[in-house]
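Here are my notes on the model you sent, written as numbered points. Please read them with the coordinates open.

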Amino acid sequence: MRIPAHSVCTAIRDDIVSGVFERGSRLTEEVLARRYGVSRVPVREALRTLESEGFVVTRRHAGACVAEPTEQEAADLLEIRMLLEPLGAARAAQRRTESHLKVLRGLVRLGQERVRRGEGEDLRSLGGWFHETLAQASGSPALIALLTQLRHKITWMYAVEQPARPADSWAEHGALVDAVARRDAERARALATQHAERATAAHRLRRTDRPGSTGGARVRTSQHPVNTAGARH
C-alpha cells in the first residue's frame, strides 16, 4: 500500500499499536519501505521518531525492533495519565473556545443517544474523540502531544473492558463539559480525576507471550487498511 511519506510514522505506529508488528520483532527499513510503498528515507526518519516515543528500540546486531515494555512501565503510563488528564481538563476550562464546546456537547449527546438505543459499537471511538477534543481545548501543544502519545501507548499495552454502566460514564462526560463551559477549572479537574480513576480500573494488560525467534519482522495480516489519520483512543 502506497502512502504519503509524511504519513509513514503514523502508519508504523498504528501497526505497532494494533499488533500487526509484534513486540520484540525486527523492523527492517527494506521491509517497511516495501510495505508502505515509500523509499527507505522516510522509514528511517519514522523509526527515529518512534524510538524517541518509546515504541521502537535499537538493539545491537538486530537493529530497530518493536519495544517490549515491562508491566511496571505500563503501570506508570496509567499513573501519568491520572496526573495529566485532570490538568488538561482544568486548562480546557480556562482556554476552551465555543467551537470546542460545540464539539464536546455534540459528542456527549451522540454518546448518550447511543447508550439509550443500546448501540454500544461506537462508544469507545466516541469516547476517544471526546478526550482528544478535551485535550485540544487545553490550548497547550505540549500537553496535547503528551496526552496523544499516552493514548497510543495505553491502547498498545492494555485491553479496556466496556463499562458495566455506560450511561454513568457518559453522564460523567456531560458533567465535565458543564464544568468546562462554566470555566470552573477546579471542578473540571476533580471530575476528570474521578473519571480517570474509574476508567483505569477497566484496563487489563494485554498478553505479551510470543515465540523466542527474533530473526525477522513478524507481520500479522491487518483486518483493516493502514490508518494514516492516527489512532483514536
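1. Basis. This is a predicted model, in which local features need pLDDT of at least 70 and side-chain atom pairs count only at pLDDT 80 or more, while totals for chains, interfaces and linings use all residues. Residues are numbered from 1 along each chain as its sequence is written, and side-chain values use heavy atoms, with hydrogens and water left out.

2. Overall make-up. The chain has nine helices and four strands; helices (H or I, at least four residues) and strands (E, at least two) are DSSP runs, numbered from the N terminus. Along the sequence the order is α-α-α-β-β-α-α-α-α-β-α-α-β. Of the 233 residues, 45% count as buried, where buried means under 20% relative accessible area, exposed over 50% and partly exposed in between, with a 1.4 Å probe and protein chains only. Among contacts with a separation of 6 or more, 78% are between residues 24 or more positions apart; contact means heavy atoms within 4.5 Å.

3. Helix 1 against helix 2. The axes of helix 1 (residues 8-17) and helix 2 (residues 29-36) come within 11 Å and cross at roughly 105°, which makes helix 1 roughly perpendicular to helix 2. Axes are lines fitted to C-alpha atoms, for helices over the stretch in contact, and angles run from 0 to 180 degrees between N-to-C directions. Angles under 35 degrees count as roughly parallel, over 145 as roughly antiparallel, 65 to 115 as roughly perpendicular and the rest as oblique. Helix 1 contributes A11, I12 and D15 to the contact, and helix 2 contributes L32, R35 and Y36. By class these residues are four nonpolar, no polar and two charged; Ala, Val, Leu, Ile, Met, Phe, Trp, Tyr, Cys and Pro count as nonpolar, Asp, Glu, Lys and Arg as charged, and the others, Gly among them, as polar.

4. Largest pocket. The largest pocket holds about 900 Å³ of space. On a 1 Å grid over the protein atoms alone, a pocket is an open set of points with protein on both sides within 12 Å along at least five of seven lines, a cavity is a set of points where a 1.4 Å probe fits but cannot get out, and lining residues have an atom within 4 Å of a point. Grid points are joined across faces, edges and corners, and a volume is the space filled by probe spheres set on the points. The pocket has 35 lining residues, of which R124, V160, E161, A199 and H203 are the closest to its centre. Elements giving two or more residues to this lining include helix 4 (71-95), helix 6 (123-137) and strand 3 (158-160). Helix 8 supplies the largest share, six residues. The lining divides into 14 nonpolar, ten polar and eleven charged residues.

5. Cavity. How many cavities of 30 Å³ or more does a search of the whole structure find? The search finds one, and about 100 Å³ of space lies in the largest cavity. Its lining consists of E85, G88, A89, H131, L134, A135, L147, R151, L176, A192 and H195. Helix 4, helix 6, helix 7 and helix 9 each give two or more residues to that lining. The classes are six nonpolar, three polar and two charged.

6. L77, in helix 4, is buried, with a relative accessible area of 10%. Not counting residues up to four places away in sequence, L77 touches L150, K153, I154 and M157. The C-alpha atoms of L77 and L150 are 6.8 Å apart, although 73 residues separate the two along the chain. S138 lies in the loop between helix 6 and helix 7 and counts as buried at 0% relative accessibility. Beyond its neighbours within four places in sequence, S138 is in contact with G88, R91, A92, R95, L143 and I144.

7. Backbone points to check. H61 is not a glycine but has a positive phi of about 70°. H61 is in the loop between strand 1 (56-59) and strand 2 (63-66) and counts as exposed at 77% relative accessibility. R183, also not a glycine, has a positive phi of about 60°. R183 sits in the loop between helix 8 and helix 9 and is partly exposed at 45% relative accessibility.
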